[in-house]
Amino acid sequence: MSEAHAEHGAHPETSGATIAREGLWTNNPALVQMLGLCPLLAVTTSVVNALGLALATLIVLVGSNTSVSLIRGYVPPAARLPAFVLIIASYTTCVSLLMQAFAYELYLTVALFVQIIVTNCTILGRAEAFASRQPLLPSAYDGLMMGLGFGAVLVLLGGFRELLGTGVLFADMAQLFGPSAATWEITVVPAYRGFLLAVLPPGAFIGMGLLIAAKQYLDQRQ
Amino acid sequence: MSTFRTVMHNAMGLALFAAVTVGVIALTATFTGERIAAQEERVRQAALYEILEATTDADIDLEQRVSLNAAALGHREPREAVIARRNDRAVALIVPVRIPDGYGGPIEVLLGIEPDGRVAGVRVVAHRETPGLGNDIERRRSDWIDAFRGRGLDDPPLPQWTVRADGGEFDGFTGATITPRAIARGIGRALVWFEDDGRALLEEAR
C-alpha cells in the first residue's frame, strides 16, 4: 500500500502547488500512506505532546530531504540507503539534544518517540522517492509539506483525544512555549469526569479511523 | 577484482559520511551539553525545594551528597542521596526511589525522609502514566501527593500503605488504581528501607 503511494510521489510534475497538495492531502503521510503510525498513535494523548513530536518530525524531514537532495549526485546506488539512514539518524539525535536543551519537561514525556523518529518510514520514504531524484528547493519544500501534513494529523488527533478524554484543551503548553503559555489552557467542559477510553490506546485507533473516514468522505463528495 | 574495488569505494565513502554526521552530532552535543545539564539540575533542584517547602538558598543547604546503593529502592546501580541541612542540622534525607510497577512503566520519585522516619515530602520526577488519569500524581496537576507529608510507618502501619480500594489509607483516582497504589506502596517500602539502612546515612552526616 505505502509503496504504491511512494511511487506516486515521484512523478515528474513537481510544481509547488502539486507538492503542497500531495503532502497535505492526496498523499498525506498519516492519512493516506499510513506511515509513522506507532509514534502517532502513542503520543497523541494531548495537543502539547502531539505538537512536540510534530515539530521534531518536521525538522528531521526537512533536514533529511535537503541533505539527501544535496548528495544525490555523489552517492552510489549500493551505498544509498545506509547513507540516508545515517543522515536521518544524525538529524534525529540533534533534534532530541535540542529538545532536551530547550523543552526539557516535554522531552521527558515524549523522549522515546522522538528517538524513534529515525525509524519513521515517512522520512526514509521521502528521501528515497523524492529527495534523491529532485533538486534542493523542491526537496526541502516536499519535506516541509509532508511534515506539515503529518503534524496536522498529530495535532488534530491530540486535540480530539485531549478534549474527549479530559474536557480540556491546550493543557501544559508551557512545556513547549515557555511560562507565558501556561494560561492557554481552555476548560471546554467544566467539571468533566473524564472519558478514559479516549486517552488510552483504543482511543487513538478509533480517532485515527474517524479521521481517515472523514477524509474519504470529503474526497468522495467531490 | 572490480567488485572488490566497488565495495571498497562504497565503504570508504560511507565511512567518510559517518565521520561527517558524527561530527555534526558532536557539535550539537557540545553546543547543548551545558544547557541540558542546567535543565536537569533545575528540575531536580525545584523538586528538592518543593519537598522541603523551602524557597531560597539561604533557608536550606542541599550541598551534601552521599552515594546510595540500595536495591530496596529499586535501583540497579549506585545513585545519589541529598542530605538537607537547616541551620547546620541535618533535617532530611532525600532519596530517589524507582517504583517499578506503575501502569506505564517505572515511576521515578524523590522522597524526603525526616530523621524520625516521617515523610517530609514527595515529588514525582519522571513517569509514563496515562495523561488525564494517572498523571494526577504530578503536584502541578493535583495536591494528591501531599497526602503523604508527615506520615510514617506508625501512621498508618505498613499493610495500610496502599489505596483505600485495597483496604489502605490513601485515596485512589477515579478510573485509575494502579498508579496511586504503586506510589503508596513504593513509599511505604522506602520507609522500611530507611528504618533498616537509611537512618544510618543521615546519622553519619550529622
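The following legends describe close-up views of a predicted model.

Local features are reported only at pLDDT of at least 70 and side-chain atom pairs only at pLDDT 80 or more, whereas totals for chains, interfaces and linings use all residues. Residues are numbered from 1 along each chain as its sequence is written, and chains are lettered from A and ligands numbered from 1 in the order in which they are written.

**View 1. Strands E1, E2 and E3 of chain B pair in the antiparallel sense.** Strands (E, at least two residues) and helices (H or I, at least four residues) are DSSP runs, numbered from the N terminus; two strands pair if DSSP finds at least two bridges between them. Six bridges connect E1(B), residues 61-68, with E2(B), residues 79-86. In this pairing B:Leu68 stands opposite B:Arg79. E2(B) is in turn joined to E3(B), residues 89-102, by five bridges.

**View 2. E2(B) and E3(B) form a hairpin.** Two residues lie between the strands, and B:Asn87 in the turn has a positive phi of about 45 degrees. B:Arg86 stands opposite B:Arg89 of E3(B).

**View 3. Chain A touches chain B.** The contact (C-beta atoms, placed from the backbone, within 7 Å) takes 24 residues from chain A and 21 residues from chain B. On the side of chain A, at least two residues each come from H5 (80-102), H6 (104-115), H8 (136-166) and H10 (196-199). H5(A) supplies the largest share, 11 residues. This side of chain A comprises 16 nonpolar, eight polar and no charged residues. Ala, Val, Leu, Ile, Met, Phe, Trp, Tyr, Cys and Pro count as nonpolar, Asp, Glu, Lys and Arg as charged, and the others, Gly among them, as polar.

**View 4. Helix H6(A) has buried residues that pack against other helices of chain A.** The buried residues (20 or more other C-beta atoms within 10 Å of their own, with C-beta atoms placed from the backbone) are A:Leu106, A:Tyr107, A:Thr109, A:Val110, A:Phe113 and A:Val114. Their packing partners are H3 (37-43), H4 (47-71), H5 and H9 (174-177) of chain A. H6(A) spans only 14 Å between its end C-alpha atoms, whereas a straight helix of 12 residues would span 16 Å; the expected span is 1.5 Å times one less than the number of residues.

**View 5. Chain B is divided into domain 1 (1-51) and domain 2 (57-205).** These bounds come from an automatic or database domain assignment. The C-alpha centres of the two domains lie 35 Å apart. Five residues of domain 1 and 11 residues of domain 2 form the contact. The five from domain 1 divide into four nonpolar, no polar and one charged.

Definitions and conventions. Two residues are in contact if their C-beta atoms, placed from the backbone, lie within 7 Å. A residue is buried if 20 or more other C-beta atoms lie within 10 Å of its own, exposed if 12 or fewer, and partly exposed in between; C-beta atoms are placed from the backbone.
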